[in-house]
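Subject: Structure handover

Hi,

Here is the structure I promised to pass on. Please open it alongside this email; my notes follow below.

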Amino acid sequence: MLHAALSLPGAPAVMGVVETAHAIAAGAVRASDVAAAALARIDAFEGDLHAFLHVDRTGALAAAERVDADRRAGLPLGPLAGVPVHIKDMIAVAGMPLTAGSKMLAGWTPPLDATVVARLRAAGAVLIGKTNQDEFAMGSSNENSAFGPSRNPWDRTRVAGGSSGGAAAATAAGLGCGGLGTDTGGSVRQPAALCGVVGFKPTWGRVSRAGVVAFASSLDQVGTLTRSVADAAALYTAIAGSDPLDATSDPRPVADCAADLTEAKDLRGVRLGVPIEYLDAADGLDAGVRQRIEEALATLAQRGADVRRVSLPHVRFGIAAYYLVCTAEASANLQRYDGVRFGHRAALAPGATLDSLYATSRGEGFGPEVKRRILLGTFALSAGFHDAYYRKACQVRRLVHDDFARALRDCDALVGPTSPVCAWPLGAHAHDPLAMYLMDIFTVSANLAGLPALSVPAAPHPASALPVGLQFVGRAFDEASLLRVAHAFEAARGPCAWPAPAARSE
Amino acid sequence: MIPMEYLSIDSVLHGPFQAPSQASTADRVAHVARLARIELRPEEAAMLGHDLDRILAYVEELRAVDTDAVEPMIHAGDRGLVLRQDVERDGLGAAMATAGAPATEGGAFVVPRVIG
Amino acid sequence: MAWQGVIGLEVHAQLRTRSKIFCACPTTFGAAPNAHTCPVCLGHPGALPVLNERAVRLAVVAGLALDCAIATRSRFDRKNYFYPDLPKGYQITQVTAPLCTGGHLDVATAAGVVRGRIHHIHLEEDAGKSIHDASPAGTLVDLNRAGTPLIEIVGEPDLRSADDAVAWLRELRAILRHTGVCDGNMEEGSLRCDANVSVHRPNAPFGTRCEIKNLNSFRAVRDAIAHEIERQQAVIDAGGVVLQQTRLWDAERSRTLPMRSKEEAHDYRYFPEPDLLPLHVAPELVAELRAALPELPAARRARWSAAWGVPAAAAAVLCDEPVRADAFERALGAGPAADLAAAFALFVTGQVQAAHQRSARTDADVDAALPVLLDVCARWVQGRLTNKMLADVLQSAFGGDAALGAELERALAQVGAVVTDAGALAPTVDAVLAEHADQAARYRAGHTPVLGFFVGQVMRRLGGRGDAQAVQRLLQQRLDQ
C-alpha cells in the first residue's frame, strides 16, 4: 500500500539504488529531482524517525546538479550517478561533521573522506547526510546515541536496532536509496532485520576501514543497508577492494556482484547449513521469529536448496568472547579521545593537571555504554587478567572460527535468524546491558570469524507484523555466492511491504 | 609456516608487577577507571561496577572451554601485511592539523603543564 | 670481594627513511611545530597505520649486522598509556613477536674482547615532543616526530663497566652507520640510550636493576653508569636495599635521580595490534639483504691493519663514521700511496683532527679535502715539509674561507719548499755561528747539546722552512771544522 509519502515530489526517491541509477542514466528522471525528493522525504519524516545526525542539503543538490550537467554534456556517468545515499556517522565525509554518535566528537569535521566515501563519490553517488547511531557503534538499539535514538519506521515506539539504526530506519523509510553502515557484531544486519531492509556485511578485509572511526579493529567492517539484495550488490561493488590506506584490506580482486546476480533464481545444488545452535537449540528465540525462519527454510528448499542441519559447538561462547575482544580493542581505540587534538575538552580551573584534563574530558564526553565497555576492555587487558580474559577470548575466537570453517567445507552458506526477537519497545532493555548484549547472539560470530553475512527480510512476524530478518553467512571473500543465494531467496519470498512512518506517528 | 606463538602476556611482561587489590567491586572500578582516565561520579561508579560484575560473571563461561594449545586468533585470515613504499608526501600542515584542537599556540597543541 | 657492575643497554635508533613508519609524512628534523603531520600521525579517528617497507628492510639489515635471527613472521603490539605526545594513546611496537631475536656484538677493550649479547631488536614508532618551558599557557605538543621509525636494540646484561658499555655503544653506532640504518646523531636524538644497571658480587645472582634514561652522549653513558654503580654500592654498603626504579641522569650535577613514579606506570595493557596483520619477511629478502650487507667496521679495521698496518686506535676513530672511512680509502686509492696509509691514518686522526676541532669546518669539507691532505702528509713524511711548515699550512688552510682542499693548495704554495741545499743554508748557518761565538766555543769544549740551540736559531731565521737534518749536518760540519 503506497502511502501519502509517495505523492510528495519525492516519488523517485523510494526507488532502489539500481532502479534510480538506471532511470537517471536513461534520462527518465533528473538527479536533482531525485535529490530534492530524498530531501523532501527527510523533511517529512525526520522529525518522526531521527534517522539523521546531519543532512547536507546544499552538498547533495550541488552533487546532483553536477550529475545532471555531466549527463547533458554527454560525459560518462558513474555506476551510481545521482543515487542519493546516506553515510553512518562513524564514516568520515570531508566537510560534514562527524560525531560517531558521541558528545566527545561534537564539533569535529574530518579533513578527508573515508576511502568508501571517496569511492561512492567517484561512482557518482549523491551524499545526503550522516545517519544516527549508537555512540561509537556500541549498542543494539540506537538508544546509546548521545543525540537521542532513531525510531523504528514500522512502529515509532520501538527501537530501530543498532548500532546502524539511523541507516536502517532511513533506508526503510525511503530517505535516500540506501547507505553505508558499520558492522562490528551485527550493527548492520541487526537493525536491517528490525527495520525490514537488507543489511550486508562483507568479509573482514574486503572493504577499506580507512576513515572509518574504529570501534574494534579486528571485527569492524563497513556494510550496506538497502531495500534489496541487488542494491546491496551495487553499493558493495562500488566500495569493495583493496586500499593502500588500510593495511588489513585484502588484495584479492572483487567480482562485479551487481552484474553477477543472474535472473535464474534456482538454488538447486546449493547446500545450506542451518546451525542447530541458531534455531532448534537457540535459547530466547521468539516463537514467531522461529516460525518465519522455518518457513523461509522451506522456501529455500522448495527452490532446490539442500537445507541441512549443522553444528557450531562453540558459538554459544560467541557473546562472551566477542564482548571481551571488542571491548579490549575499543579501550585502546578510544584512548585517542583525550581532549588534546580534537573533540571535547573539559573546562578546567587554572592549574588543573593533565590527568584531570584526561579524566574529566573523557568522563564528560563518553556516555554510559561507552564507559562500560572501555572499563570492561581495560580490565580484560590489565596486568594479571590479560591471559584469563583477553587472551582466552582470542583462543575461543579461534574455536568459533574453526567451527565455521568446518561447516562451510560442506555447505555453501549457513542460514538462520538475524535477531532472536523483533524490534522491542524503546527503553525495554535500557537498564540491562547484558540482556542487550545477548541480542547479538546470532550476529557476533560472523565478525569473530571474519565471514561475510547478510540479513534479508523474511515474512513479517505472525503476531506483530514487525519485520523478521533471515541471516546468511558465507565463505570468506565469496560475497558473490552469498549475494546470489540471498537474491534467490528474496525473489522466492516475493515483494516486501514498506512502512508508512507518518501514519504510525500520529 | 613457522608458528608465531603469542605467549602469555601476564607471565612474560608483567613479571614482578603486582596487580592492585581488586577485592571489591568499588576497588575494581576505581582501578580500571584510573587506568582508562575516566572520571566517574559516585552513582555512575556504583552502576558500572554492578554491570561489570554481572558481565564478568557471564564471561566466566569461557573457563569451561578447553583452549590448551589453541593459538589465540587476532585477525581473520593468515595473509601477511601489505607494505607501503618509502615515499614522502606533504601532510595536512600545522594549520589543518590543529584546526579542531581545543587549545593551540604557534602551531602546537597546548595541555596543562606537565612537570618532569 | 668487590662489587661488580652489571649493565645492559637499550638503544633506540631512528631509521634512515624518507617517510614515517606508518604514514607518508617526512621525517626531516627541525620543521615548524606540527608541519609534518597527517591524520595517521595525529591519531585522527579512522586513520590507519600502513607499514613503511624501507623501515622493515633497515631493521632486518640491523639484525643481520648484529648476527640476529630474522623472524619470517613477526607481529606488532599496542603499548597503552596516556601522554600528550602519544596521539593514539598507544604506541605501536613489537613485544610478543619481534622481528629480530638473539645476536651479539663483540668489542675489543683493554681487557680483551667483550661480547654483549642482544636479546632482540624490534620496530616501533617514536612519540612526538612535549615542550615544557616554552609557553606560560602550558606544555606545548609538537607531533612532527610522532611516527618516526625506530628500532630498539635490547642488549643482555653482559657488560661489566661503564667503559665497556661505551665501547659497545660506540661499536653499535659504527655498525648502524656503516649499514645505513641510522645516522647515529646522538645530539639530535637519532640514537638514544637507556642503561639497565645493577651490581653484584662475582658468582652471586644479579642485584636489583635500575633503568637510567636520558643518556644522550657517550659521556653521559659513561658517567651515569659509573655513578649509578657507585650509588648502588653505597646503598648496599650502608645496609640498604636497591629499589627497582627508573632514574634520570642529571648531567649538570652528575647524579641519577628517581623519576616521579607514575601511577600504574607498569600496566601498559599490551595486546596484538589489530590494525596490522602479521609481518611476513620472505627468506629471499633476508638472503638478498644479507648478500648486500656492506663490510662492517670490525672487518674494515682488520683489513686496514692487515694490509696497511693502520694502528687500531686510528682505525677505530676513522671507522666510527663510514663516510670518513670511505673518503680515507678513496684518497689512499690502491696505488703507491698505500704505503703511507698508517702514517696518513695517524695524521688524519692526530694533527688534522686537532685542527678541525679548532675550526668551524664541516666533516664533509674535511672529507672532501682528504686527497690534498694525503699530499700534505706525504710531503711531511718525506721531509719536504717541516713540522713548522706543516703546522703553518694546516693553520692557514683551516682558517681560510674557501673549501679546505683549495685552501690547502694555496697554503702549500705559500709555504714553499723546504731548504735542504747546503749552499742555500750556509749563509744563515754561518751568520748564526758568528753571532754566537761563545756558544760555539762551548760546543767545541764538549757541550754538544748546544747543537740544538743552533738548530733552533737557524730554523727561526729560515721561518721553519729549513730541513732540520740538513741544518744539523751543516752545523756539525762547520763546528767540527
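What pattern does chain B follow when read along the sequence? The answer is α-α-α-α-β-β. Before you go further, please keep in mind that this is a predicted model.

**Chain B**

Four helices and two strands make up the secondary structure of chain B. The chain has 116 residues, and 45% of them count as buried. Its accessible surface is about 6000 Å². Carbon and sulfur atoms hold 57% of that surface. Take the contacts in chain B with a separation of 6 or more: 36% of them come from residues 24 or more positions apart.

**Where chain A meets chain B**

On this interface, 70 residues of chain A are in contact with 58 residues of chain B. The two chains bury about 5600 Å² between them, and 67% of this is on carbon and sulfur atoms. Three residues, A:Leu375, A:Arg398 and A:Leu434, supply 11% of the area that chain A buries against chain B.

On the side of chain A that touches chain B, the elements giving two or more residues are helices H10, H11, H12, H13, H14 and H15 of chain A. H13(A), which spans 387–410, gives the most, with 14 residues. By class, this side of chain A has 38 nonpolar, 17 polar and 15 charged residues.

Five salt bridges cross between chain A and chain B. In one, B:Arg54 pairs with A:Asp432, with the closest N and O atoms 2.9 Å apart. Another salt bridge joins B:Arg79 to A:Asp250, and here the closest N and O atoms are 2.8 Å apart. Both partners sit in loops: B:Arg79 between helix H3 and helix H4 of chain B, and A:Asp250 between helix H7 and helix H8 of chain A. B:Arg79 and A:Asp250 are both buried.

**Salt bridges elsewhere**

Over all chains, the count comes to 62 salt bridges. One of them links A:Arg209 with C:Asp275, at 3.0 Å between the closest N and O atoms. A:Arg209 lies in the loop between strands E7 and E8 of chain A, and C:Asp275 in the loop between strands E16 and E17 of chain C, so this pair joins two chains. Both residues are buried. They also belong to a network of salt bridges that links A:Arg209, A:Asp246, C:Arg78, C:Glu273 and C:Asp275.

For a pair inside one chain, look at C:Asp375 and C:Arg379. Their side chains meet in a salt bridge at 3.5 Å, N to O. Both lie in helix H11 of chain C, four residues apart, about one turn of the helix. C:Asp375 is partly exposed, with a relative accessible area of 29%. C:Arg379 is partly exposed too, at 24%.

**One residue to look at: C:Thr386**

Is C:Thr386 buried or exposed? It counts as buried, because its relative accessibility is 10% and the cut-off for buried is under 20%. C:Thr386 lies in the loop between helix H11 and helix H12 of chain C. Its side chain reaches the backbone nitrogen of C:Met389 at 3.0 Å. Leaving out residues up to four places away in sequence, C:Thr386 touches C:Trp380, C:Val418, C:Met459, C:Gly464, C:Arg465, C:Gly466 and C:Asp467.

Best wishes

Technical notes
Residues numbered from 1 in each chain as written. Chains lettered and ligands numbered in written order. Predicted model: local features only at pLDDT ≥ 70, side-chain atom pairs only at ≥ 80, totals over all residues. Heavy atoms only, no water. Buried < 20%, exposed > 50% of the residue type's maximum accessible area, 1.4 Å probe, protein only. Contact = heavy atoms within 4.5 Å. Areas by Shrake-Rupley, 256 points an atom, 1.4 Å probe, with all protein chains shown as cover. Buried area = accessible area lost by both parts, 1.4 Å probe. Salt bridge = Lys/Arg side-chain N within 4 Å of Asp/Glu carboxyl O. Nonpolar A, V, L, I, M, F, W, Y, C, P; charged D, E, K, R; others polar. Polar contact = N/O pair within 3.5 Å; in protein donor to acceptor, adjacent residues only side chain to side chain.
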